[in-house]
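Subject: Structure handover

Hello,

Here is the structure I promised to pass on. Please open it next to this message.

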Amino acid sequence: MAEEIERRVSGVESRERHALRFWRAAWAVFRKDVRSELRTRYALNALAVFALTVVLVVSFYLGPRLSPRDPVTPATSAALLWIALFFAALTGLGRAFVHEEEAQTATFLRLNAPPLAVFVGKWLLNVLLLAGLSVVVTLLLSLFMNLRIVNPAMLLLTLLLGGLGLAATITLIAAIIAKASARSALFAVLAFPVVFPMLAVAMTATEQALIGAQWSAALPQLQGLGAYAVAMSAAAVLLFPYVWEV
């Protein structure tokens, strides 16, 4: 009996040590990437320039034509918001693993960190960058296109759920195309069919947040975004170790 209790306690302590090493490794990858990004500002500059360009070009062309009372305006603003987020994410977040291959640090990561810890560290950075990008694009649309948000909480939840799913998808595909020669074309080809269903649902939920729809009306879209985020995170957790070790 005493041996059984001791074996169980030892098993629990072993799992706790394993979990602690995992999160320490993921945090170390996240901190390394944050420092690298602050030093090079590659993704930050790409995200900012692309988002600003899209919003300014669209606002100069469509801004004078859209009226806050026009029923088409919320749908147009929702589509512009997610188009800017999607293409800016493709432009700025796709180098998460390309940089490791170019700097020849991928082998070091493979030897010193569990595969899932590497994925979680880079996924956290992409979530952080997407959160900042969402805030910037929303503010720019509010400034240049008079974006009216009737239900800010619903918009925040939509951006959160959509951002989690988009970050998981972008991070996994970035790992897949890291060693390819035509990375940019391959990245868009792989990402678009996977992300398209989420974009369609996210635009609908965003439009409902902009017009102030009831939570019950937006619940199917929010559940769809949550299910997409869970499904893509689970797929990434299952597939990434095989992608990373190839």
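Below is what I found in it, from the overall fold down to single residues.

**Overall**

Keep in mind that this is a predicted model. The protein has 246 residues, and 41% of them count as buried. Its secondary structure comes to nine helices and zero strands. Read along the sequence, the pattern is α-α-α-α-α-α-α-α-α. The C-alpha trace spans about 75 × 45 × 30 Å along its principal axes. Take the contacts between residues at least 6 apart in sequence: 84% of them join residues at least 24 apart.

**The core**

The largest nonpolar core holds 73 residues. Phe97, Val137 and Met198 have the most contacts inside it. Several helices each supply at least two residues of this core, among them helix 1 (2–40), helix 2 (42–62), helix 5 (106–112) and helix 8 (183–211). Helix 3, helix 6, helix 7 and helix 9 (215–245) also each supply at least two. Which helix gives the most to this core? Helix 6 does, with 13 residues.

Leaving aside neighbours within four places in sequence, Phe97 is in contact with Val118, Lys122, Thr171, Ala174, Ala175, Ala178, Phe240 and Trp244.

*Helix 2 and helix 3.* The axes come within 9 Å and cross at roughly 150°. That makes helix 2 roughly antiparallel to helix 3, since the cut-off is over 145 degrees. The crossing is right-handed. On the helix 2 side, the contact uses Tyr42, Ala43, Ala46, Leu47, Phe50, Val54, Val58 and Leu62. Helix 3 answers with Thr76, Leu80, Ala84, Phe87, Ala88, Ala89, Thr91 and Gly92. By class, the contact of helix 2 with helix 3 has 13 nonpolar, three polar and no charged residues.

*Helix 3 and helix 6.* Helix 3 covers residues 72–92 and helix 6 covers residues 115–145. They pack at an angle of about 140°, with their axes 10 Å apart. Helix 3 and helix 6 are therefore oblique to each other. This crossing is right-handed. From helix 3 come Ser77, Leu80, Leu81, Ala84, Leu85, Ala88 and Ala89. They meet Leu130, Leu133, Ser134, Val137, Thr138, Leu141 and Met145 in helix 6. The residues of this contact divide into 11 nonpolar, three polar and no charged.

Helix 6 passes helix 9 in a right-handed crossing. Helix 6 puts in Pro115, Leu116, Val118 and Phe119. Helix 9 puts in Ala236, Val237, Phe240, Pro241, Trp244 and Glu245. This contact has nine nonpolar, no polar and one charged residue.

Val118 of helix 6 meets helix 9 here, and Val118 is also among the contacts of Phe97. Phe240 and Trp244 of helix 9 take part in this packing, and both touch Phe97 too.

*Leu159.* Leu159 is in helix 7 (residues 152–176). Is Leu159 buried or exposed? Leu159 is buried, because its relative accessible area is 13% and the limit is under 20%. Not counting residues up to four places away in sequence, Leu159 touches Leu81, Trp82, Leu85, Ser134 and Thr138. Of these, Leu81 and Leu85 of helix 3, with Ser134 and Thr138 of helix 6, also belong to the contact between those two helices. The C-alpha atoms of Leu159 and Gly224 are separated by 13 Å, and the two residues lie 65 residues apart along the chain.

*Ala43.* Ala43 sits in helix 2. Ala43 is buried, with a relative accessible area of 4%. Leaving aside neighbours within four places in sequence, Ala43 is in contact with Glu37, Gly92 and Leu129. Ala43 and Gly92 are both part of the packing of helix 2 against helix 3. Ala43 and Phe240 are 197 residues apart along the chain, and their C-alpha atoms are separated by 22 Å.

Over to you.

Best wishes

Note on methods. Residues are numbered from 1 along each chain as its sequence is written. This is a predicted model: local features need pLDDT of at least 70, side-chain atom pairs count only at pLDDT 80 or more; totals for chains, interfaces and linings use all residues. Side-chain values use heavy atoms; hydrogens and water are left out. Axes are lines fitted to C-alpha atoms, for helices over the stretch in contact, and angles run from 0 to 180 degrees between N-to-C directions. Helices (H or I, at least four residues) and strands (E, at least two) are DSSP runs, numbered from the N terminus. Angles under 35 degrees count as roughly parallel, over 145 as roughly antiparallel, 65 to 115 as roughly perpendicular and the rest as oblique. A crossing is left-handed if the near helix is turned anticlockwise from the far one by less than a right angle, and right-handed if clockwise. Contact means heavy atoms within 4.5 Å. Ala, Val, Leu, Ile, Met, Phe, Trp, Tyr, Cys and Pro count as nonpolar, Asp, Glu, Lys and Arg as charged, and the others, Gly among them, as polar. Buried means under 20% relative accessible area, exposed over 50%, partly exposed in between (1.4 Å probe, protein chains only). A nonpolar core is a set of buried Ala, Val, Leu, Ile, Met, Phe, Trp, Tyr and Cys residues joined through side-chain atoms within 4.5 Å.
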